[in-house]
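Look at the sequence and the model below. The paragraphs after them go through the parts in turn, beginning with a single residue.

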Amino acid sequence: MSESGSHPRHALDQLIHTPVRLSIVSALAEAEQVEFRFLRDSIEVSDSLLAKHLATLEEADYITAVKGHVLRRPRTWYSLTATGRRAFDDYLAALRRIVDHHAEEERS
């Protein structure tokens, strides 16, 4: 089937769709900002894997990073941008349409 078809799955944002990036965006949607270590531990990934996915999301302007220090130790906090928030909301809406689409087919 063509990727431009009418099924609601075609509206899923492939940038968010990977499990790690979905976990990141979901965590950031729940807080104003999240520190790197907390994010790493909560979604259970390595530093390097998390950094790779954060860079991808940052390049797409879905997230922003703020660097600082806590007791002289460098820290980085991440938050969703307005673009990232819209993308996540649209992603959730697409998932809902997929579920609803399947439920409609079951009733038919």
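Does Leu 71 count as buried or exposed? At 79% relative accessibility, Leu 71 counts as exposed.

Some notes on the source come before the rest. This is a predicted model, in which local features need pLDDT of at least 70 and side-chain atom pairs count only at pLDDT 80 or more, while totals for chains, interfaces and linings use all residues. Residues are numbered from 1 along each chain as its sequence is written, and side-chain values use heavy atoms, with hydrogens and water left out.

Next, the overall plan. The protein chain has five helices and three strands. Helices (H or I, at least four residues) and strands (E, at least two) are DSSP runs, numbered from the N terminus. Along the sequence, they follow the pattern α-α-β-α-α-β-β-α. Of the 108 residues of the protein chain, 33% count as buried. Contact means heavy atoms within 4.5 Å. Among the contacts in the protein chain with a separation of 6 or more, 52% are between residues 24 or more positions apart.

Now the strands. They form an open sheet of three, in the order E1-E3-E2, with antiparallel pairing. E1 and E2 are at the edges and have a single partner strand each, so one side of each is left without a neighbour in the sheet. Two strands are said to pair if DSSP finds at least two bridges between them. Strand E2 (residues 63–70) and strand E3 (residues 73–80) run antiparallel and are joined by eight bridges. Two positions show how they line up: Val 66 stands opposite Trp 77 in E3, and Ala 65 has Tyr 78 in E3 as its bridge partner. In a regular strand the side chains alternate between the two faces of the sheet.

E2 and E3 form a hairpin, with two residues between them. This brings back Leu 71, which is placed in the loop between E2 and E3. Leu 71 is not a glycine, yet its phi is positive, at about 50°. Arg 72 lies in the loop between E2 and E3 too. Phi of Arg 72 is near 70°, again a positive value in a residue other than glycine. Arg 72 counts as exposed, at 79% relative accessibility.

The helices come next. Helix H2 (residues 19–29) and helix H4 (residues 47–59) pack at an angle of about 70°, and their axes are 10 Å apart. Axes are lines fitted to C-alpha atoms, for helices over the stretch in contact, and angles run from 0 to 180 degrees between N-to-C directions. H2 and H4 are therefore roughly perpendicular to each other. The scale is this: angles under 35 degrees count as roughly parallel, over 145 as roughly antiparallel, 65 to 115 as roughly perpendicular, and the rest as oblique. On the H2 side the contact is made by Val 20, Arg 21, Ile 24 and Val 25, and on the H4 side by Leu 49, Leu 50, His 53, Leu 54, Thr 56 and Leu 57. By class, this contact of H2 with H4 has seven nonpolar, two polar and one charged residues. Here Ala, Val, Leu, Ile, Met, Phe, Trp, Tyr, Cys and Pro count as nonpolar, Asp, Glu, Lys and Arg as charged, and the others, Gly among them, as polar.

H3 and H4 pack at an angle of about 110°, with axes 10 Å apart, and are therefore roughly perpendicular to each other. Phe 36, Leu 39, Arg 40 and Ile 43 of H3 make this contact with Asp 47, Leu 50, Ala 51 and Leu 54 of H4. The residues of the contact of H3 with H4 divide into six nonpolar, no polar and two charged.

Which residues of helix H3 (residues 36–43) are buried? They are Phe 36, Leu 39, Arg 40 and Ile 43.

Finally, take Phe 36 in helix H3. Phe 36 counts as buried, at 15% relative accessibility. Not counting residues up to four places away in sequence, Phe 36 touches Asp 47, Leu 50, Ala 51, Leu 54, Thr 76 and Tyr 78. Phe 36 and Arg 75 are 39 residues apart in sequence and 7.3 Å apart in space, C-alpha to C-alpha.

Definitions and conventions:
Buried means under 20% relative accessible area, exposed over 50%, partly exposed in between (1.4 Å probe, protein chains only).
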